[in-house]
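Student: I have a model open and want to talk it through. Can you take me over the fold and a few local details?

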Amino acid sequence: MTYIDYLNRFWQIDIEVNFSGTESKLYFALLDIANKLHWSKTELSIPNNRLLAITGCSKNTLVSARNRLVQYELVKYVKGNRNKYSGKYILLKPNVGSIIDLTPDLTTDLTTDPTPDPNTDPYIRKEKIKKREDIFIQKEEEKENRFMGEMNPALYSNLTPYVRELVDIWEKHIGLFDTFWIASAKEMLRICPAAQAKNALVHCIENNYGELVEYGFDFVLQEVKSGKWGSRTDEGEKKSRKEEEFELVRGGKTGTDYAVPG
């Protein structure tokens, strides 16, 4: 089953049940994540806070949207453990021979010869599905081209230069940097010097792209917490802090632009 097959099936069901904007966003987000993982995983373990950021809705609305997708057999959901692991989403393929009763109250008069209906005629419906696919692809491309500096310039401009550098690297290779990851970026810079934090992020992009897409920036933070990228010693802490203060005074210039005073 291809990406387009999943989309076609969604739009075919949507003709009958009219999914809400949040339900559509949630399903498309799951497809997007699965596609970025090259369809290598049958179960997608995705934190609620990430899906809340993507859909822009409340937790109750997210749960309601998830239940609707489960109801119409588009996904299966396995509840997670709040303190151990996130819930798992499984994108379902249509079962051969299965029939989903989408309109239980629908009756048909078999004695009439109906004229083509734009909502049911297969040729007209195919064109509608194609148009919706084009709109979806366009929106996905627009979403991938968004940056924090454009969406929230005030917040972005108030970040320290080192945090902004991590944000810029992430958005260049992964996508939009969610605002709730800013705390994780700051924590990472408290654990290790900026150079090691940058190297850790670049290493994860090159070697753990799928995990970054699935778990977000917190995956990098956990890698740094494991001690693989060193930590700030007393001497290194003083030097790094001094460099950061100097960089802020110089308006965000890096150490390669100015000599750090001894």
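Predicted model: local features only at pLDDT ≥ 70, side-chain atom pairs only at ≥ 80, totals over all residues.

Student: How many helices and strands are in the chain?
Tutor: The chain has 13 helices and three strands. Of its 262 residues, 36% are buried.

Student: What share of the contacts with a separation of 6 or more comes from residues 24 or more positions apart?
Tutor: Such residues account for 65% of those contacts.

Student: On to the sheet. In what order do the strands come?
Tutor: The order is E1-E3-E2, in an open sheet with antiparallel pairing. E1 and E2, the latter at residues 75-78, are at the edges; each has a single partner strand, so one side of each has no neighbour in the sheet.

Student: How many bridges hold E1 and E3 together?
Tutor: Two bridges, in the antiparallel sense, with E3 covering residues 88-91. Leu44 is opposite Tyr89 of E3.

Student: And which helix lies across the strands?
Tutor: H2 does: it lies across E1, E2 and E3, and runs at about 85° to E3.

Student: Is Ser45 buried or exposed?
Tutor: Ser45, which is in strand E1, has a relative accessible area of 11%; the limit for buried is under 20%, so Ser45 counts as buried.

Student: What is Ser45 in contact with, beyond its neighbours within four places in sequence?
Tutor: Ser86, Gly87, Lys88, Glu214 and Tyr215.

Student: Helices next. What span should H1 have, and what are its end C-alpha atoms doing?
Tutor: H1 takes in residues 3-17. At 1.5 Å a residue its 15 residues should span 21 Å, and the end C-alpha atoms are 21 Å apart, which agrees. The buried residues in H1 include Tyr3, Tyr6, Leu7, Phe10, Trp11 and Ile13.

Student: What comes just after H1?
Tutor: Asn18, with a positive phi of about 55°.

Student: What about the span of H8?
Tutor: The 13 residues of H8 should span 18 Å at 1.5 Å a residue; the end C-alpha atoms are 19 Å apart, which agrees. Buried residues of H8 include Pro161, Tyr162, Val163, Leu166 and Trp170. Just after H8, Gly175 has a positive phi of about 150°.

Student: Now the rings. How many aromatic pairs are there?
Tutor: The structure has 15. In one of them, Trp170 and Phe217 have ring centres 5.7 Å apart and planes at 65°; over 60 degrees is the edge-to-face range, so the pair is edge-to-face.

Student: Which parts does that pair tie together?
Tutor: Trp170 is in helix H8, residues 161-173, and Phe217 is in the loop between helix H11 (209-215) and helix H12 (218-225), so the pair ties together parts 47 residues apart in sequence. Trp170 and Phe217 are both buried.

Student: What is the relative accessible area of Phe217?
Tutor: Phe217 has 0%. Not counting residues up to four places away in sequence, Phe217 touches Leu166, Trp170, Phe177, Trp181, Ser184, Ala185, Met188 and Leu201.

Student: Which residues make up a ring cluster?
Tutor: Phe10, Trp11, Phe19, Tyr27, Phe28 and Tyr72 are linked into a cluster by ring pairs.

Student: Which residue lies over the face of Tyr77?
Tutor: Arg66, at 3.8 Å from the ring centre.

Student: Last topic: backbone angles. What is phi at His38?
Tutor: Phi of His38 is near 60°, a positive value in a residue other than glycine. His38 is in the loop between helix H2 (21-36) and strand E1 (44-45).

Student: And phi at Trp39?
Tutor: Near 55°, again positive in a residue other than glycine. Trp39 is in the loop between H2 and E1.

Student: How do His38 and Trp39 come out on accessibility?
Tutor: His38 is exposed, at a relative accessible area of 67%. Trp39 is at 34% relative accessibility and counts as partly exposed.

Note on methods: Residues numbered from 1 in each chain as written. Heavy atoms only, no water. Helix = DSSP H or I, 4+ residues; strand = E, 2+ residues; numbered from the N terminus. Buried < 20%, exposed > 50% of the residue type's maximum accessible area, 1.4 Å probe, protein only. Phe/Tyr/Trp six-rings, centres within 6.5 Å; stacked < 30°, edge-to-face > 60°. Lys NZ or Arg CZ within 6 Å of the ring centre and 35° of its normal. Expected span 1.5 Å × (residues − 1). Pairing = 2+ DSSP bridges. Contact = heavy atoms within 4.5 Å. Axes fitted to C-alpha atoms, helices over the stretch in contact; angles between N-to-C directions.
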